[in-house]
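Here's a quick briefing to read alongside the model.

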Amino acid sequence: DPTSTAYHIAGGVRLVGDVDREALTQAFSALALRHDALRTLFYAVDGQPRQWILSSFDVALAFYDLSALPLDRAQQQAAQRAEIDARTPFDLERGPVWRVLLARLPDRDGQAVHELNLTLHHLIADGWSLNRLLAEFSALYGALQLGHEPQLPALPIRHADFALWQRHWLEAGEAERQLGYWTAWLGGDQPVIELPYDKPRPTEPSQRGGRIPFVLPEAVSDAVLTVAHPQGVTLFLVLLAAFNVLLYRYSGQTDLRIGLPLANRQRPETQALIGYCVNTVVLRTELSASTRFDALLQQVKHTLLQAQAHPDLPFEQLVDALQPERRLGQNPLFQILINHQQTDVGLLQSQADWQIEALDRDNGAAQFDLSLDTWHDRQGRIGGVFTYACDLFEAETIERLAGHYSYLLGQLLAQ
């Protein structure tokens with residue numbers, strides 16, 4: 001669907017301090033020369049996708065000077081321009097498939113203020129890539145601002161090398177081994193989680209989405225951290241287990257399937273790459289009214305460790321093997337997704353003397369019925385964003401669900 005923005009990655013930061021626009025543009029152009037994915041276009045031959053890696057690439061920085069406007073109006077216009085940018089489809093054949101937008105706002109206490117926004121198509125990046133992009137951009141910008149030649153260690157491989165290695169490895173028998181695990185674990189029946197929807201499911205989803213952000217109360221965040229360590233689990237596993245309980249309470253179903261993106265960068269050579277390496281796996285959880293929460297934590301821990309030991313089988317191959325009943329307008333194998341891949345905007349401060357504030361950007365789309373993206377910041381706060389399909393839910397329903405999740409998590413941990 002060339003008009004869809006469901007697979008756009010959008011984010012922004014507010015930078016308090018001087019910004020060298022020329023150095024900023026050169027730093028992004030240097031990033032594109034360093035990473036093939038940022039110079040890649042996509043086209044079709046006889047219905048099959050092909051990639052075309054450009055030999056050169058100059059970033060077109062869109063700049064808006066809003067500094068003469070009143071502060072509230074300037075911030076409103078900057079947010080509107082950023083959302084328009086995030087909701088504008090990419091031309092995958094002509095490119096580029098990522099955009100940079102910079103807006104100058106009124107000064108704050110004598111210091112310049114800018115908002116920097118990025119929108120990338122998921123074809124060329126994933127959550128892991130964003131932290132690499134921020135760290136390398138900061139190093140490149142810092143060097144260019146001082147008039148130095150940027151020096152970054154050479155990349156051990158290119159993104160195409162990763163794709164080729166993965167294809168050969170799967171063809172050599174690894175695909176069969178991992179497929180055997182997933183088919184045995186997920187079984188022949190693929191239940192669909194049925195939540196209390198506000199609207200009937202359309203046969204052709206619009207992919208329009210809404211977002212409900214939330215921050216857990218301080219006492220609940222502290223309890224998550226306090227409980228996780230003695231249970232031998234991560235913070236994310238506590239949030240995942242509680243999310244399963246919430247879905248059980250909403251649906252009444254005891255066999256739950258949730259999607260989870262894995263970074264899929266086990267080989268150290270892949271960890272410096274900007275590009276799409278992520279693979280989505282299906283986490284199966286079985287629970288009932290009598291399940292103890294500590295037992296559920298250990299179950300989801302075991303399930304996640306097994307998923308991480310079998311992360312490479314492409315999701316579409318699993319769908320082909322399991323042959324679930326397909327329904328128009330519904331994702332196969334899972335309809336609800338959870339993710340804890342966090343972008344650390346603090347990486348921008350390694351070279352530039354900026355005060356940095358993260359900005360939440362909305363691409364106005366939803367890939368699934370419901371998604372939960374959780375985060376944990378350096379101050380110990382825990383929160384997240386529920387993204388929902390507007391075809392199925394009203395905003396008030398998801399606001400209520402977010403409140404139920406926070407309350408339920410607090411009760412589970414307290415008891």
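Let's start with helix H9: its buried residues (under 20% relative accessible area, with exposed over 50% and partly exposed in between, using a 1.4 Å probe and protein chains only) are Thr397, Ile398, Leu401, Ala402, Tyr405, Ser406, Leu408, Leu409, Gly410 and Leu413. Bear in mind that this is a predicted model, where local features need pLDDT of at least 70, side-chain atom pairs count only at pLDDT 80 or more, and totals for chains, interfaces and linings use all residues. Residues are numbered from 1 along each chain as its sequence is written, and side-chain values use heavy atoms, with hydrogens and water left out.

**Helix H9**
- Contact here means heavy atoms within 4.5 Å.
- H9 covers residues 395–414, and its end C-alpha atoms sit 29 Å apart, which agrees with the 28 Å that its 20 residues should span at 1.5 Å a residue. That expected span is 1.5 Å times one less than the number of residues.

**Overall build**
- The protein has nine helices and 13 strands, taken as DSSP runs (H or I of at least four residues for helices, E of at least two for strands) and numbered from the N terminus.
- Its radius of gyration is 22 Å, close to the 22 Å that the globule rule gives for 415 residues, so the protein is as compact as a globular protein of that length. The radius is taken over C-alpha atoms, and the rule is 2.2 Å times the number of residues to the power 0.38.
- Along the principal axes, the C-alpha atoms fill a box of roughly 65 × 50 × 45 Å.
- Buried residues account for 50% of the 415.
- Of the contacts between residues at least 6 apart in sequence, 77% join residues at least 24 apart.

- Most residues other than glycine have a negative phi, and most peptide bonds are trans.
- Gly95 and Pro96 are joined by a cis peptide bond, with omega about -10°; Pro96 lies in the loop between helix H2 (71–86) and strand S5 (98–108).
- Gln207 isn't a glycine, yet has a positive phi of about 65°. You'll find Gln207 in the loop between helix H4 (159–186) and S7, and at 25% relative accessibility it counts as partly exposed.
- Gln323, also not a glycine, has a positive phi of about 50°. Gln323 lies in the loop between helix H8 (315–322) and strand S10 (336–339), and is exposed, with a relative accessible area of 60%.
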